[in-house]
Amino acid sequence: MVARVVLPAALALLAAGFLWSEAVARKVAPREVAYSELVKAVEGGRVSSVEVRELDLLARLKQPPADGTEGLLAKRLPALEDPALLAKLEAGGVTISGKAEPGSPVLSAMASFAPFLLLPLALWLFSSWASRRGGGRSLAFGKREARVYDKSRDIAVTFSDVAGVDEARAELTEVVSFLKEPEKYRAVGARVPKGVLLVGPPGTGKTLLARAVAGETGVPFFSISGSEFVEMFVGVGASRVRDLFVQARERAPCIIFIDELDAIGKARSGASGFVANEEREQTLNQLLVEMDGFESGVGIVVMAATNRPEILDKALLRGGRFDRQVVVDRPDVRGRRAILAVHARKVKLTPNVDLEVVAQRTPGMVGSDLANLVNEAALASVRRAAAAIAPADFDEAVDRLQLGLKKEGRIMTADEKRRVAFHEAGHALVALSVAHADPVHRVTIIPRSTGALGATLQLPTEERYLMTRSELTDRICVLLGGRTAEALACDETSTGAEDDLARASELARMMVTRFGMSDALGAQRYGRPQALRFLTGEAAEERDYGEATARVIDTEVRALIGAQLARAQAILKDRSAALQAIGSALLTKETLRRPELEALAGIS
Ligand code: ADP
Ligand code: MG
Ligand code: ZN
């Protein structure tokens, strides 16, 4: 900000300095004459003024000489002072002045460089003026970027402006309540999370949510974006982080928000010597130090947002740092309706606009798309010179936006949607039917942040320490359920099951070679896992068995998979009515929760 004003000002000053020194140089130095000649000029009445200096006399002439010289310069004769001169000067009406310094070349050079010497002073004056105007910003690097948002001025955002992300909102209400009433938490000695990481695809409202938390609590909001750190000099990023936390400590309770955390939080590279990396790593290290440096009770909550959690340095996610993660996912049809309603508050609609219909036409769109959509519809109505937005304006806007989304590959065709719906229905129905599967929490055909087309969320999601043979086979069966359902409902399979197949094969191979769960091979481990390969980082395995054993392993894995595939097929054929019901419900509602699923599957 400030720098943008200072630079032109500095350039202008520099230019002025050059012009001045040019002018000084053009005024040719006075002509040196003998003392007697100067006296003669005085006597001849040609001199208008005389400057008496320490070592010489400078006489300026009434008629400026044609050669452009400043006048006559004569050495004074200290050994032979001339008291008569004064009388002659007075008689001739010559102006007399004195000067203490010698007219030395050094000084005159300094005089011509004066503007350059003044430059730092001018800059300093300017910057302190700017900092007074800019509300505490100064030219000091690193200090100015942590902007303070006061609720009263900038943040008019509350939870009512964020819709369709109810789970994320619910998780953040605890943060709000902590910032509002920290005593309540302190009284029972409860530790609240220091760091909350918002994770989700772009445009889902992560930044908006963070600002809403600030808006709800009314505490100061320090915000900085990771991308601001990218092109900085070494050391600046780290000092900026330090200043950010210093400022925040002074104003606690408050929120520090680091947007686009991945720009600084990328996993550290180890040996790379690029300056840019070094800068980022210093910044990241400073952030880690700062986050460890305050107790969770002081009333600072650090929030951060990223749409690439997988590339974050693991150290950021450790306890005492960003130990709470809040997923902000793409909204389903209900969520989209709610988001449309938020943005429709600001525009005028004709009474026959049904936002439900708009929501149904916009699968795959996120909050920012929907905000954009409402605006496009408003523009369309203005183009027709209408007073309010009609359903046709929404149609036009949807078509317009979907063109862009199709290019990005973010929306599905009707056929793809149906395929994904039955694929997920297959996973869910098998999971509900086998004895040992983790309970299904939610099924959705909205593309998730991970890039999968749909998802069947089973709880618990984290790896378990011990799993029995039947739990493992059930898991393989569930994985194969998606592909099987596709084959049943859509007559053929698609590429969408690749990840399922990879995971099922991996599980089956582990059962055979590592868990000793194959009768043909017995309780033995085959293959010795090696340390990660040095450069590629991929896991390698050292083979410690012969060709014949390898063939048996392959047969056993294939048999395991084949058995589970047959089992999944049997389950889904047996319950094809339930599969139809769940698949169709997913097509319209996009997300099904556990109770709805159980009702459709005839379980309760
Ligand atoms: P992100 O930070 O996740 O990329 P933003 O918070 O910057 O997304 O969202 C950009 C804009 O899109 C917001 O300012 C808001 O107008 C709109 N928006 C996004 N998500 C939502 C939502 N859940 N509810 C309402 N508006 C939203
Ligand atoms: Mg954002
Ligand atoms: Zn699947």
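User: Domain bounds here come from an automatic or database domain assignment. In this predicted model, which domains give residues to the shell around ligand 1, and where does the ligand lie?
Analyst: Several helices take part in this shell: α7 (206-217), α11 (333-344) and α13 (367-383) each supply at least two of its residues. At the level of domains, two of them contribute residues, so ligand 1 lies between domain 2 (141-269 + 279-327) and domain 3 (333-402).

User: How many residues surround ligand 1, and how many of them are charged?
Analyst: The shell consists of 16 residues, and the closest are A163, G203, K206, T207 and H343. By class, seven residues of the shell are nonpolar and seven are polar. The charged residues in the shell number two.

User: Which protein residues are the donors of the zinc ion (ligand 3)?
Analyst: The donor residues follow the spacing H-x3-H-x72-D along the sequence. The donor atoms lie 2.0 to 2.1 Å from the zinc ion. Two histidines donate through NE2 and an aspartate through OD, namely H423, H427 and D500.

User: How many residues apart are H423 and D500?
Analyst: H423 belongs to helix α15 (residues 414-433), whereas D500 belongs to helix α17 (residues 498-513). The pair therefore links distant parts of the chain, with a separation of 77 residues.

User: Is H423 buried or exposed, and is D500 buried or exposed?
Analyst: A residue counts as buried when its relative accessible area is under 20%. The value for H423 is 6%, so this residue is buried. The value for D500 is 9%, so D500 is also buried.

User: What distance separates the C-alpha atoms of N307 and V199?
Analyst: N307 sits in the loop between β10 (300-306) and β11 (324-327). With a relative accessibility of 35%, N307 counts as partly exposed. Along the chain N307 and V199 are 108 residues apart, yet the distance between their C-alpha atoms is 5.6 Å.

User: Is the peptide bond from A252 to P253 cis or trans?
Analyst: P253 is placed in the loop between α8 (236-251) and β9 (254-259). Most peptide bonds are trans. The omega angle from A252 to P253, however, is near 0 degrees, and this bond is cis.

User: Is A385 buried or exposed?
Analyst: A385 is found in the loop between α13 and α14 (391-408). Although A385 is not a glycine, its phi is positive, at about 60 degrees. Residues with a relative accessible area over 50% count as exposed. A385 has 70%, and this residue is therefore exposed.

User: Is E590 buried or exposed?
Analyst: E590 is located in the loop between α19 (576-589) and β16 (591-593). This residue is not a glycine, yet its phi is positive, at about 70 degrees. Most residues other than glycine have a negative phi. The relative accessibility of E590 is 2%, so E590 is buried.

Key. Residues numbered from 1 in each chain as written. Chains lettered and ligands numbered in written order. Predicted model: local features only at pLDDT ≥ 70, side-chain atom pairs only at ≥ 80, totals over all residues. Heavy atoms only, no water. Near = heavy atom within 4 Å. Helix = DSSP H or I, 4+ residues; strand = E, 2+ residues; numbered from the N terminus. Nonpolar A, V, L, I, M, F, W, Y, C, P; charged D, E, K, R; others polar. Donors = N, O, S within 2.8 Å, 3.2 Å for Na, K, Ca; no water. Buried < 20%, exposed > 50% of the residue type's maximum accessible area, 1.4 Å probe, protein only.
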